[in-house]
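Please read it alongside the sequence and the structure shown here.

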Amino acid sequence: MKTENFDAIVIGGGPIGLASAYHLGKRKAKTLVLEQFTFVNQLGSSAGVSRQFRIPYPDEYMVQMALDSEPYWVELEKESETKLIDKVGTLWFGDPTVQSTEGNIAEAEEALKALNVPYTSLTAKEIEEKYHFKNIPENYTGLFQADGGSINFKATNEALLNLCKKEETVSLEENAPVIAIDQSGELFEVTTPNGKYISKKLVIIPGPYINSVINLLHFKIDATYWNMSSAYFKKNDPNIQYPTWFVFQNNIGENGNQFYGFPSVDWDHPEYIRVAPDFVINPLDEPSERKLIPNAQELGYTSDWVKDHMTGLDPTPEYTSTCLISLSTIPNKELLIDFAPSYVPNHKNIVLYATGWAAKFTPFLGKIMSDLALDGKTNFDITPFQLGHQFFKSTK
Ligand code: BEZ
C-alpha cells in the first residue's frame, strides 16, 4: 500500500469538494481529493445538470451569502473561460400568505430592500402577461430579480475539475471511498482501497453520504434525505422562454404543491423546459435507498401544474431525473458549515459542509472551506451556519 503526506485531504469530489481543492491549490496547499465514485457523476445532490442561482431569500444573511458568491462565479467563469450562469432572472410568485420551506415572498422583498438589491414587484396579471403563466389566482403576488439564473452545473463541475488538474499541488483520486480514518498525534491517516494517506487537515464534503464518512470519526448528523424528482416538458411553442422560477402555495394533501422551473438551455435538453416539485412524498431513511426514477405521484402533480398554469408546453414529461438531497431537520433546511464537534480529537483541523441547497454558492463555499481548513477562520460571517452543536451526535 502506498502512503503519501498532504496538507489537506478533501473527502468528496463533488462540485463543492472540487471548489475547496481549487482554492486550497491556489494557496499552494498540498491537497488530495478523494471521490468514492467517479468525478462529475450524477449520484449526488447536484445531479440534474442545471441548478438555480438566486438572490431572493427571506433571511438577510442568505441574501448576503448569494451576493458574496457572485464575484466567485465571475472569477470561475473567467478562469475556466466558460459561461456558467445563464442570467435569465429569478421569478418568485404565489400565495403571499404561504410560509414555505423556501420562505415567503414579502419577507424576501424586505431582505432584498435591506441589502439594496433591485427587484420588481408583480401582480398576478403581470406574472401571466410577462412570464407566460396562466390561471394564476388573483391574490397571488410575485417578485422578479434580474441577477438570478440557471447554472450550467455539469460545466461548473468540469471547470473545477480541470482547474484542479492544472494546480500542481492538487491530486485527484476517484473510485476511492474512505474506509477508515485514524489519528496519530495531530495527523490524520485516511484509508481507501487504493492506499493510506496522511494529512494535517480534513475537509469533509461528501454531500448526502456524509454519515458514512463522519461515522468513521464516531459522530453522525441528523438529516433527512430526499429523492428529488425533475421532469422535462417539450416546448410546443418554440419561442417560449421562462426565467428560473419558484411558486409558493399551500399543500393539498400529499401534493406539496410547490414547484420550480428553469429556462430552456442549450446544455440540457434544449427544446424542453425543466419543472420540478419542491416536496417529497416518501423521504428516504438512508442515501442507499435513492432511485434514479422519480416518484410517479410527484411527477403527476408536476404535470398537472404544467397543464393548468404554463403555456407553450406539452404537459406530458418526456425525460425525468432525480437528485439525492440531504437536508437538516430544521424548517428552512439550513446549510451547516462547521468544525467537527469538540469530542473528536483534533476537531479544529476537521472542517465540514453538510445539508441544504448550496449549488448556487459552490465557488464561494470552496473559498470558505479552504480558509477554515488553512487558517481556522474566514473573513465571511458563517455564524448562521455553525450549527454542529444542534446536528452532530456522538455515536460512541
Ligand atoms: C434553491 O434555489 O435553493 C431551491 C430552488 C428550488 C428548489 C429548492 C431550492
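Helices (H or I, at least four residues) and strands (E, at least two) are taken here as DSSP runs, numbered from the N terminus. By that convention His 389 is found in helix H9, which covers residues 388–391. The model is a predicted one, in which local features need pLDDT of at least 70 and side-chain atom pairs count only at pLDDT 80 or more, whereas totals for chains, interfaces and linings use all residues. Residues are numbered from 1 along each chain as its sequence is written, and side-chain values use heavy atoms, with hydrogens and water left out.

**Domains**

The domain assignment of the protein chain, whose bounds come from an automatic or database domain assignment, gives domain 1 as 2–46 + 154–222 + 333–394 and domain 2 as 61–150 + 224–328. The C-alpha centres of domain 1 and domain 2 are 28 Å apart. Where contact means heavy atoms within 4.5 Å, 37 residues of domain 1 are in contact with 28 residues of domain 2.

Two strands are said to pair if DSSP finds at least two bridges between them. On this basis eight strands make up an open sheet with mixed pairing, in the order E6-E7-E5-E15-E16-E17-E14-E18. Its edge strands, each pairing on one side only, are strand E6 (120–123) and strand E18 (319–328). From one strand to the next the twist averages 20 degrees, where axes are lines fitted to C-alpha atoms, for helices over the stretch in contact, and angles run from 0 to 180 degrees between N-to-C directions.

Within this sheet, strand E5 (residues 90–94) and strand E15 (residues 244–248) run parallel and are joined by five bridges; the bridge partner of Thr 90 in E15 is Thr 244. Helix H4 (residues 124–131) packs on the sheet and touches E5, E6 and E7, with its direction at about 100 degrees to that of E6. Helix H3 (residues 105–114) lies across E5, E6, strand E7 (141–145) and E15, and runs at about 35 degrees to E7.

Is Thr 90 buried or exposed? Buried means under 20% relative accessible area, exposed over 50%, and partly exposed in between, with a 1.4 Å probe and protein chains only; Thr 90 has a relative accessible area of 1% and is therefore buried. With its neighbours within four places in sequence left aside, the residues in contact with Thr 90 include Phe 53, Arg 54, Leu 143, Phe 144 and Thr 244.

Another open sheet has three strands in the order E3-E8-E4, with antiparallel pairing. Strand E3 (50–53) and strand E4 (85–86) are its edge strands, each pairing on one side only. Two bridges join E4 to strand E8 (residues 149–152), and these strands run antiparallel; in E8, Ser 150 is the bridge partner of Asp 86. Helix H2 (residues 60–80) packs on this sheet, touching E3, E4 and E8, and its direction makes about 130 degrees with that of E3. Helix H5 (residues 153–166) also packs on the sheet, touching E3 and E8, with its direction at about 45 degrees to that of E8.

In a regular strand the side chains alternate between the two faces of the sheet. In strand E2 (residues 31–34), Thr 31 and Val 33 point one way and Leu 32 and Leu 34 the other way, and all are buried. Four bridges join E2 to strand E9 (residues 170–173), which run parallel, and Leu 34 stands opposite Glu 173 in E9.

**Aromatic rings and charges**

Rings of Phe, Tyr and Trp (its six-membered ring) pair if their centres lie within 6.5 Å; planes under 30 degrees apart count as stacked, over 60 as edge-to-face and the rest as tilted. The structure holds 25 aromatic pairs. The rings of Phe 246 and Phe 248 have centres 4.7 Å apart and planes at 50 degrees, so this pair is tilted, and both Phe 246 and Phe 248 are buried. One aromatic cluster is formed by Phe 93, Phe 133, Tyr 242, Trp 245, Phe 259, Phe 279, Tyr 301 and Trp 305.

A charge sits over a ring if NZ of Lys or CZ of Arg is within 6 Å of the ring centre and within 35 degrees of the ring normal.

| Charged end | Ring | Distance to ring centre |
|---|---|---|
| Arg 54 | Tyr 57 | 3.8 Å |
| Lys 360 | Phe 361 | 5.4 Å |

**Two exposed residues**

Lys 125 lies in helix H4 and, with a relative accessible area of 56%, is exposed. The C-alpha atoms of Lys 125 and Glu 138, which are 13 residues apart along the chain, are separated by 7.5 Å. His 389 counts as exposed at 66% relative accessibility; His 389 and Ala 340 are 49 residues apart in sequence and 9.4 Å apart in space, C-alpha to C-alpha.
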